[in-house]
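Here is a short report for a reader new to this structure. Please look at the sequence and the model first.

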Amino acid sequence: MEVLNNLGTGFSAALTLSDLGFCLLGVLLGTLVGVLPGVGPLATIAMLLPITFGLDPLPALIMLSGIYYGSQYGGSTTAILVNMPGESSSVVTCIDGYQMARQGRAGPALAVAAIGSFIAGCIATLAIAVFGPVLAAFSQRFSAPEYFSLMLFGLISAVVLARGSVIKAVGMILLGLLLGQIGTDISSGVVRYTMGVPELSDGIGFVPLALGLFGLSEIIANLEKPARRSILSTSVSGLWLRWVEFKSALPAILRGTALGSVLGILPGGGAVLSAFAAYTLEKKLAKDPSRFGRGAIEGVAAPEAANNAGSQTSFIPLLTLGIPSNAIMALMMGAMMIQGIAPGARVMEARPELFWGLVASMWIGNLLLLIINLPLIGVWVWVLRIPYRLLFPAVIVFCCIGVYSLNNSAFEVLLTVMLTLLGYACLKLDCEPAPLLLGFVLGGPLEENLRRAMLFSKGDPIIFVERPISAVILAFAALLLLMVILPAVRRGRERAFVE
Amino acid sequence: MAIRNLKDFLSGAMFITFGALGLWFGRGYTVGTTFQMGPGYFPLVLSIGLIAIGLIVVVRSLAQTGDAPERGSLRPLAVVLCAVTAFGLLVEFAGLIAAVAVTVLVGGLASLESRRLELAILAVGTAVFCAALFVYGLGLPIPLWPR
């Protein structure tokens, strides 16, 4: 019953006309940018962040999460119609979605993506409402050692879940942690690694890093490839699903939702992994796996549901523990900090309307996506037809303004140039930038909690296993590490990512 | 000994370089003890860890074969970096409109498909749009015109 009460608080906060407006605006803008090929949710949010500066905390967060879901949905639209994923979580959607579109079933593919996302969104929102407070209450028992163990667990699972080489992912995390050291040390006040540049005394900004590693370096990579986009020339018609199609898609949607909700909570998980895992699961369960890759509707429904569920439940660790579980949540945390909110259990207690308003707006955002996106499909197709040569200069400009307006600092724009160079190198060398970003964000808190725990125990690391909660978390982390090292599991993991 | 996996070799070299930079520039920070960690403790651990990982990756690249990094033309990289640099250098004293227009004009050169007239129109259009949205619409304190 308390859940209903809480949700009531949330809806009354989020259902004001202006908040609804910001939600709608966020969803629309997010979809608009998300449709653009090669601009993922991370770059979208970082680029659109300045738009929310002038707003109050709640509408700002509502709009940002609207942008997030919108950009993800936009990515699926691009995946289905152009066979070019707008973002990595819709790579899987490409496989069967594009095949469906080629068979003239673009309408049903788009519809099942939207309906699947909506159903997943409803269930995941409920999951946040139910489990959020439980986890928050539990986290009251946490202190420095537990937080340290938890973050270590997060970083380890980010390594395990990263695509590509494990050892390089470890390297990227360490590099991220080291980059996070730049700036003033909180405990001693000593300024580290700034090379005497006063602008660096607060550290490297998150937005320059995110836009350098993801936004701008991806534009460069796109430009290197010869442009060959074939947009379906047939118009999209018949957005309705037939009952038979819906009946075969629904179980896939529910399975995808369940899988995505669980994987979304895991650090390092989130939308991308959820989509991959859901697709693999559907293929395994199918009576006739050969249909997959040739336009199986389950192959669109399950990953779409999973990535939406995962992207919602990944808010849980951020909102209850104050620990971002992936790069996008790290960006959301940055946005909250700008608004003067330090995410964590305390927010839920002190400002319930903020937490529950955000939860309620997630559901509203999903509903809006369903209502507006299908009728607006013509607009998105039109956006897709704009040649890339006209789009990318504007995207570069938005990236620049996004960075500059953060602190009105031209230095940060120039810093972005350096970070873009780093991002480009990582791209060319197959080093995943996502673990770097997570390491970068967790670097400060990780060090702080380690130092505090060590002061507590007079330098004896046994404290991490003496305290039961911390010990359990570390045991899970060890288990995860073991899984990567065991050859059988490793091969399975490689296979999963190849598929 | 031959490098069999150039991608990994370079990745390892990158990790080692950053680790070495971390050690070198962090050499003056007090390390302290495990009990009372100084500001140099964590950076030291990270730098050493990064060098160790880099060494493993490099050694592995000598043993396992892999593909070399794709060769792309340097044009997009160089041009996009120039465009962003131009924005950073111009925005403070030439104002948003000029900075945006120059960034579009320069950035457009990154693609061989760009056409001059089209790019000029795009530059003007983007500049007007950005001024309207960010300065008039959102009220961000960015100067519009040269000082």
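## Chain B: two domains

This is a predicted model. Chain B is divided into two parts: domain 1 covers 6-63, and domain 2 covers 75-137. The centres of these two domains of chain B, taken over C-alpha atoms, are 39 Å apart.

## Where the chains touch

Chain B and chain A are in contact. Chain B gives 61 residues to this contact, and chain A gives 54 residues. On the side of chain B that touches chain A, four helices each supply at least two residues: α1 (6-25), α2 (41-63), α3 (75-108) and α4 (116-137). The largest share comes from α3(B), with 16 residues.

## Chain A: overall form

Chain A holds 23 helices and two strands. Its C-alpha trace spans about 70 × 55 × 50 Å along the principal axes.

How does chain A compare with a compact globule? A compact globule of 499 residues would have a radius of gyration near 23 Å. Chain A has 22 Å, so the two agree.

## Chain A: inside the fold

Of the 499 residues in chain A, 62% are buried. Take the contacts in chain A between residues at least 6 apart in sequence: 80% of them join residues at least 24 apart.

Technical notes: Residues are numbered from 1 along each chain as its sequence is written. Chains are lettered from A and ligands numbered from 1 in the order in which they are written. This is a predicted model: local features need pLDDT of at least 70, side-chain atom pairs count only at pLDDT 80 or more; totals for chains, interfaces and linings use all residues. Domain bounds come from an automatic or database domain assignment. Two residues are in contact if their C-beta atoms, placed from the backbone, lie within 7 Å. The radius of gyration is taken over C-alpha atoms; the globule rule is 2.2 Å times the number of residues to the power 0.38. A residue is buried if 20 or more other C-beta atoms lie within 10 Å of its own, exposed if 12 or fewer, and partly exposed in between; C-beta atoms are placed from the backbone.
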